[in-house]
Amino acid sequence: MNTRKLKNYVLAGLGAMCFAGTQSALAAGSINALVWCDHTDPEFIRPFEEANDVKVNLKEFEGTGAALSILEQSQPGDWDVLIIDGVDVPKLAKDGLLASHPEEALPIADIWPEVLLEENHKIDGKWYGMTELFGYNTIAYNKDKVDPADMLDMTTLWGDKYKGRIAVYDWHTPMIGLVAMGLGKKTAELSESDLPEIKDTLFKLKENASQFTDVVSSQTALATGEVDILFGGGEWLTGVLSQEMPNLDWVLPEQGGLMWSQSVTTLADAKNPEMALKFMQYILSPEGQAKLATSSCYWAMPANMKTGPMLNDQQKAALRWDQQAGYLANSQLYPVVSAELDEKMEDLWTEMLQR
Amino acid sequence: MRQSANPESLVVTITRQGSGFKRWRLVLPALLWTVAFFVIPFLFMAVMSLWHRIGGEIVATWNLDNYVEFLTKPHLVKSLLNSIEISFCVTVISIVLAYPLAWIIAERVPARWQRTALILAILPFWTSYVVRSYAWLLVLSKQGIVNTFLLDVGIIAEPLAIASTRYATIIGFVHFFVMLLTLTIYANLKQLSPNYARAATDLGAGPLRTFWHVILPLTLPGIMVGAFLTFVLCIGDYITPKILGGSNELVLPQVIMLQIGRRADFPNAAAMSIILMAVVIIAYLLCARWLKMERT
């Protein structure tokens with residue numbers, strides 16, 4: 001094949017791709033969604049797109065701060081759907097950024113009561129968001145390498161037994177909350193006076209930890225045997241690996257675990273509000289929940305209690321479907337603190353990392 | 001005045017002025033580009049660094065608190081020192097490894113194979129930077145190739161903790177920047193006339209003396225350009241330290257990302273970025289003599 005022919009083929013290919021892209025964008029419409037990575041799984045998105053002849057444009061973010069920054073820098077109408085931590089919903093709703101929805105549009109009765117978080121989602125009698133997934137920051141481990149009984153006591157992690165074999169999830173808010181729980185504190189009552197004790201414990205943890213990792217690095221570290229324990233891990237970490245690596249497990253210790261949740265909301269200035277609501281309803285439906293809960297990025301517990309029949313036994317076991325009542329009772333929510341205390345917590349975390 | 005009274009001089013002056021204007025016209029697009037995408041964003045960042053995030057809102061406070069805060073917190077200053085130390089180590093190691101490689105390609109590889117050799121040298125550039133970092137993580141992990149080999153041949157009894165350390169970060173960086181330095185040094189070596197070495201030999205200098213007193217000084221611009229680029233790219237990177245260093249110690253770009261990603265604290269991040277830029281400017285001033293790319 002000569003160079004000219006090759007060039008023609010390449011140009012033709014590019015042209016075809018552009019044309020195909022245009023056709024896709026010109027489908028019945030599109031919505032723009034700002035999401036965590038789990039929503040980008042084609043297995044989850046495709047059924048909705050096909051059923052509604054719509055293109056869902058997804059923008060993935062890596063942290064709540066990043067999501068809020070993107071939102072601040074966007075023009076009204078840029079986004080239709082936003083996935084955000086439940087605790088951030090009230091502020092966004094009060095700022096007029098979120099759309100409210102009638103009660104009958106959402107499957108409120110089907111959501112686990114413990115994760116409905118009405119105080120976050122229902123403001124002045126209107127629903128501005130709904131919990132879609134939840135899970136735990138707790139202890140994930142390789143049960144072939146550590147004694148599962150040891151994992152039932154969180155304080156083991158700042159003892160000497162597993163020194164150098166621990167990775168710690170690198171996020172100050174949940175991890176300081178989790179350490180506080182290990183010290184017998186309530187995350188809802190955290191104050192500046194608790195920080196010195198938490199600091200001492202974090203410093204002990206730092207001596208025992210071999211690394212501080214994000215989601216992907218956490219999975220890699222546990223899967224490759226680089227570490228045997230991930231403090232802060234849970235079903236979100238081991239679930240996606242559960243079929244190939246059944247030796248990876250997770251547990252809520254006696255001190256409990258930190259429950260995280262993410263909520264689906266639609267934007268007040270959405271260009272396609274009807275489709276945005278449809279997408280929200282798809283996410284909260286048992287079908288959407290099952291696909292989202294077992295996405296290729298990370299797994300999590302579906303908030304809709306009716307999702308059970310859509311999950312197989314292996315998926316249920318990995319998510320601890322049958323133990324949720326006890327787990328929910330022994331968990332606390334992420335610390336919700338003032339911006340000043342959050343800054344101090346983040347500063348403390350950075351200081352610990354630099355030791 | 002006497003010159004301008006001279007008609008010939010006047011013509012020369014007008015011509016020069018005309019060519020000067022033409023030159024400005026030619027550089028105008030580049031100038032506009034720099035103003036739009038560097039000067040203005042930089043000014044925004046400089047202004048932002050004087051503001052403050054209070055209670056979740058950015059407030060125009062117009063003071064140096066963010067800088068003072070940075071300089072008075074030892075763990076934040078340490079992140080800057082970590083960045084400088086790692087970047088310096090990477091630059092030095094990369095030069096030591098890249099120079100012989102560039103010299104071999106330029107002087108020992110037959111001319112018709114030199115292009116192939118260069119392509120092979122830059123081949124790793126073709127893969128994603130993030131993928132390369134994760135690949136190194138697997139190579140350096142406890143069950144990676146390095147530890148497996150050392151254990152199999154009986155050199156070590158327990159796997160070495162290389163991954164998630166500063167050493168891993170340096171290895172990852174060096175792998176990347178040796179290629180870059182090889183290119184800049186190779187380009188410099190190829191520009192060098194062989195007559196310099198011949199003249200030195202004629203004057204009785206041995207190979208080592210010729211290299212030390214003739215070749216090395218003449219290739220310093222290539223080394224310094226590569227070294228400066230290596231230092232700048234290295235000190236501004238947070239992906240490799242995050243993936244390979246395991247966040248066991250933070251470099252300044254990681255701390256900047258923490259400010260943005262977790263608290264949307266743009267003023268603090270801007271102040272830290274300005275400090276990082278100051279370090280880069282100092283590095284530039286130290287290398288400026290050689291960055292002109294002219295042999296003096």
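Buried residues make up 44% of the 355 residues in chain A, where buried means that 20 or more other C-beta atoms lie within 10 Å of a residue's own, with C-beta atoms placed from the backbone (12 or fewer makes a residue exposed, and anything in between is partly exposed). Keep in mind that this is a predicted model: local features need pLDDT of at least 70, side-chain atom pairs count only at pLDDT 80 or more, and totals for chains, interfaces and linings use all residues. As for labels, residues are numbered from 1 along each chain as its sequence is written, while chains are lettered from A and ligands numbered from 1 in the order in which they are written.

Chain A has 15 helices and 13 strands; helices (H or I, at least four residues) and strands (E, at least two) are DSSP runs, numbered from the N terminus. The radius of gyration of chain A is 22 Å, close to the 20 Å from the globule rule for 355 residues, so chain A is as compact as a globular protein of that length. That radius is taken over C-alpha atoms, and the rule is 2.2 Å times the number of residues to the power 0.38. Along its principal axes, the C-alpha trace of chain A spans about 65 × 65 × 40 Å. Of the contacts in chain A with a separation of 6 or more, 76% are between residues 24 or more positions apart; a contact here means C-beta atoms, placed from the backbone, within 7 Å.

Now for the domains. Chain A splits into domain 1 (28–134 + 260–322) and domain 2 (135–259 + 330–353), with bounds from an automatic or database domain assignment. Their centres, taken over C-alpha atoms, are 26 Å apart. Domain 1 of chain A puts 14 residues into the contact and domain 2 of chain A puts in 15. On the domain 1 side, β6 (130–142), β11 (257–266) and α13 (313–319) of chain A each supply at least two residues, and α13(A) has the largest share with three.

One residue to look at is M259(A), which is in strand β11 of chain A. M259(A) counts as buried because it has 26 C-beta neighbours inside 10 Å. Leaving out residues up to four places away in sequence, M259(A) touches F134(A), Y136(A), S331(A), Q332(A) and L333(A).

Next, strand β7 (residues 166–169) of chain A. In a regular strand the side chains alternate between the two faces of the sheet. Both faces of β7(A) are covered, with I166(A) and V168(A) buried on one side and A167(A) and Y169(A) buried on the other. β7(A) pairs in the parallel sense with β8 (residues 209–213) of chain A over four bridges, pairing being at least two DSSP bridges between two strands. Y169(A) stands opposite T213(A) in β8(A). β7(A) also pairs in the parallel sense with β9 (residues 229–233) of chain A, over three bridges, and there V168(A) stands opposite F231(A).

Helix α7 (residues 172–182) of chain A is largely enclosed by the rest of the structure, because 11 of its 11 residues are buried. G184(A) follows α7(A) and has a positive phi, near 85°.

Finally, the other chain: 26 residues of chain B are in contact with 24 residues of chain A. On the chain B side, α4 (74–108), α6 (129–140) and α12 (252–263) each supply at least two residues, with the largest share, six residues, coming from α12(B).

How values were computed: Two residues are in contact if their C-beta atoms, placed from the backbone, lie within 7 Å.
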